Amino acid sequence: QVLLVESGGGLVQAGGSLRLSCAASGRTASIYRIGWFRQAPGKERESVTSISWSGGSTYYADSVKGRFTISRDNAKNTVYLQMDSLKPDDTAVYYCAARSITTINYDSWGQGTQVTVSS
């Protein structure tokens with residue numbers, strides 16, 4: 001089992017920046033990919049970005065390209081989400097999730113961290 005703990009959320013003004021962290025523990029050797037997702041009130045959860053655990057290949061949703069950057073520190077078993085030029089539409093609960101190479105779906109989830117961007 002992989003345990004994930006997010007941190008770094010908060011309140012920021014539009015145009016500002018935040019960095020989220022996702023610390024992994026447990027069976028980290030089974031991790032294939034880590035993703036960040038977000039869910040705003042009344043909306044479905046959406047994929048924001050993801051990164052492979054070993055090779056560093058990344059994916060970004062169009063809505064965050066050029067503003068968000070995902071990175072990893074394998075020595076610390078931590079994935080970071082640097083969010084710049086934040087917009088009120090980025091307001092949501094952000095979750096990190098992990099999937100193994102044997103699964104299609106992300107099956108380990110953190111508890112989420114709130115990001116609020118004021119206009």
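The dialogue below treats strands, the disulfide, salt bridges and aromatic rings in turn.

Visitor: What kind of model is this, and which pLDDT limits apply?

Guide: This is a predicted model, in which local features need pLDDT of at least 70 and side-chain atom pairs count only at pLDDT 80 or more, while totals for chains, interfaces and linings use all residues. Residues are numbered from 1 along each chain as its sequence is written, and side-chain values use heavy atoms, with hydrogens and water left out.

Visitor: How should I read the pairing of strands, and which order do the strands of the open sheet have?

Guide: Strands of a sheet pair through backbone hydrogen bonds, either parallel or antiparallel. Here strands are DSSP runs (E, at least two residues), numbered from the N terminus, and two of them pair if DSSP finds at least two bridges between them. The open sheet has 4 strands in the order S1-S3-S8-S7, with antiparallel pairing. Strand S1 (2-7) and S7 stand at the edges with a single partner strand each, so one side of each has no neighbour in the sheet. Neighbouring strands of this sheet are turned by 15 degrees against each other on average, direction ignored; the axes behind that angle are lines fitted to C-alpha atoms, and angles in general run from 0 to 180 degrees between N-to-C directions. Between S7 and S8 there are 6 bridges in the antiparallel sense, and Asp73 has Thr78 in S8 as its bridge partner.

Visitor: Which strands pair with S4?

Guide: S4 runs antiparallel to S9, joined to it by 8 bridges, and pairs with strand S5 (residues 46-52) over 6 bridges, also in the antiparallel sense. Trp36 has Cys96 as its bridge partner in S9, whereas Phe37 stands opposite Ser47 in S5. S4 and S5 form a hairpin with 6 residues between them, and Gly42 in the turn has a positive phi of about 75 degrees.

Visitor: How much of S4 is buried?

Guide: Burial is judged by relative accessible area: under 20% is buried, over 50% exposed, and in between partly exposed (1.4 Å probe, protein chains only). In strand S4 (residues 31-39), 7 of the 9 residues are buried.

Visitor: What is a disulfide, and which cysteines form one here?

Guide: A disulfide is a covalent bond between the sulfur atoms of two cysteines. The criterion is a pair of cysteine sulfur atoms within 2.5 Å, and the count comes to 1 disulfide. Cys22 and Cys96 form this link, with their sulfur atoms 2.1 Å apart; at 70 degrees about the S-S bond, the link is right-handed. The pair links distant parts of the chain, with Cys22 in strand S3 (residues 18-26) and Cys96 in strand S9, 74 residues apart. Cys22 is buried at 1% relative accessible area, and Cys96 is buried at 0%.

Visitor: How many salt bridges are there, and where do they lie?

Guide: A salt bridge is a side-chain nitrogen of Lys or Arg within 4 Å of a carboxyl oxygen of Asp or Glu. The count is 4 salt bridges. Among them, Arg67 and Asp90 meet at 2.7 Å, N to O. This pair links distant parts of the chain, 23 residues apart: Arg67 is in the loop between strand S6 (58-60) and strand S7 (68-73), and Asp90 is in the loop between strand S8 (78-83) and strand S9 (92-100). Arg67 is buried at 10% relative accessibility, as is Asp90 at 2%.

Visitor: Which other pairs form salt bridges?

Guide: Arg38 pairs with Glu46, the closest N and O atoms being 2.6 Å apart. Arg38 is buried at 6% relative accessibility, whereas Glu46 is partly exposed at 34%. Arg38, Glu46, Arg67 and Asp90 are linked in a network of salt bridges. Asp62 forms a salt bridge with Lys65, the closest N and O atoms being 3.2 Å apart, and Asp62 is exposed at 64% relative accessibility.

Visitor: How are aromatic pairs read, and how many are there?

Guide: Rings of Phe, Tyr and Trp (its six-membered ring) pair if their centres lie within 6.5 Å; planes under 30 degrees apart count as stacked, over 60 as edge-to-face and the rest as tilted. The structure holds 2 aromatic pairs. The rings of Phe37 and Tyr106 have centres 5.1 Å apart and planes at 75 degrees, so this pair is edge-to-face. Both Phe37 and Tyr106 are buried. For Phe37 and Trp109 the centres are 4.8 Å apart and the planes at 50 degrees, so this pair is tilted. Phe37 lies in strand S4 and Trp109 in strand S10, so the pair ties together parts that are 72 residues apart in sequence. Trp109 is partly exposed at 30% relative accessibility.

Visitor: Over which rings does the charged end of Arg45 sit?

Guide: A charge sits over a ring if NZ of Lys or CZ of Arg is within 6 Å of the ring centre and within 35 degrees of the ring normal. The charged end of Arg45 sits over the ring of Trp109, 4.0 Å from its centre, and over the ring of Phe37, 5.9 Å from its centre.
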